[in-house]
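Dear colleague,

Please find the structure below, handed over for your files. My notes on what was found in it follow directly after.

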Amino acid sequence: MRTQYDIKLIAAILGLHHGREGYSKIWLSERMRQGLPGDSLVRVHQNVLGGNVEHLRPIASRSTLIRARRGRGLLSPLISEKVVRLAQVWIQAQGVYKDDSKARRFLAEPHMMLRGLPPLTVAVTNRAGLEAVEQLIGRLRFGSAP
């Protein structure tokens with residue numbers, strides 16, 4: 001998340017509204033700490049993962065998705081953070097591929113520069129994984145990665 005603009009895009013993907021405080025890193029951090037609404041997971045599952053339950057596995061369980069669809073409670077801070085990380089790499093992958101299906105395929109398929117792991121799995125694991133995927137996407141953007 002490098003700019004206010006990125007945070008607004010993340011918020012739009014997740015269906016979040018800033019209220020009076022505006023969009024900022026601290027606002028997003030607080031939302032993750034409190035737990036995002038379950039609808040954020042539903043939106044990511046449908047719009048980013050194309051409804052694929054298998055690709056949801058590194059982020060949340062099927063039962064968590066079912067509870068989220070029913071509007072029951074907030075996501076845990078850990079799942080909230082994973083959902084935000086996925087939104088971040090989704091925005092970047094869309095910027096490179098300019099096509100949702102190609103961006104989805106990139107996120108889901110194992111990549112040799114990530115030791116054969118899918119970017120989705122690496123990005124949601126931890127901050128270092130997110131940075132590794134962001135570096136890969138940067139290299140793809142400039143044509144220096146396979």
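Is glutamate 131 buried, partly exposed or exposed? Glutamate 131 is partly exposed, since its relative accessible area is 37%; here buried means under 20% relative accessible area, exposed over 50%, and partly exposed in between, with a 1.4 Å probe and protein chains only.

Two remarks on the basis of these values come first. This is a predicted model, in which local features need pLDDT of at least 70 and side-chain atom pairs count only at pLDDT 80 or more, while totals for chains, interfaces and linings use all residues. Residues are numbered from 1 along each chain as its sequence is written, and side-chain values use heavy atoms, with hydrogens and water left out.

Salt bridges

The structure holds four salt bridges, a salt bridge being a side-chain nitrogen of Lys or Arg within 4 Å of a carboxyl oxygen of Asp or Glu. One of them joins glutamate 131 to arginine 127, at 3.2 Å from N to O. Both residues belong to helix α9 (residues 127–141), where they are four residues apart, about one turn of the helix. Helices are DSSP runs (H or I, at least four residues), numbered from the N terminus. Arginine 127 is partly exposed, at 42% relative accessibility.

Glutamate 81 and arginine 85 form another salt bridge, at 2.4 Å from N to O. They lie in helix α6 (residues 77–97), again four residues apart, about one turn of the helix. Glutamate 81 is partly exposed at 33%, whereas arginine 85 is buried at 8% relative accessibility. A further salt bridge links arginine 57 with glutamate 54, at 3.1 Å from N to O. Arginine 57 counts as exposed at 59%, and glutamate 54 as partly exposed at 46%.

Packing of α6 and α9

Axes are lines fitted to C-alpha atoms, for helices over the stretch in contact, and angles run from 0 to 180 degrees between N-to-C directions. Contact means heavy atoms within 4.5 Å; the residues that make it include Arg85, Gln88 and Val89 of α6 and Arg127, Leu130 and Val133 of α9. By class, this contact has eight nonpolar, three polar and four charged residues. Ala, Val, Leu, Ile, Met, Phe, Trp, Tyr, Cys and Pro count as nonpolar, Asp, Glu, Lys and Arg as charged, and the others, Gly among them, as polar.

Asparagine 126 is placed in the loop between α8 and α9 and is partly exposed at 36% relative accessibility. Its C-alpha atom is 8.8 Å from that of arginine 85, although the two residues are 41 apart along the chain.

Helix α3 (residues 38–48) packs on helix α5 (residues 62–69) at an angle of about 115 degrees, with the axes 8 Å apart. That makes α3 roughly perpendicular to α5. Among the residues of this contact are Leu41 and His45 of α3 and Leu65 and Ala68 of α5.

In helix α7 (residues 100–108), Ala103, Phe106, Leu107 and Ala108 are buried. These buried residues pack against α3, α4 (53–56), α6, α8 (119–125) and α9.

With kind regards

Methods:
Helices (H or I, at least four residues) and strands (E, at least two) are DSSP runs, numbered from the N terminus. Angles under 35 degrees count as roughly parallel, over 145 as roughly antiparallel, 65 to 115 as roughly perpendicular and the rest as oblique.
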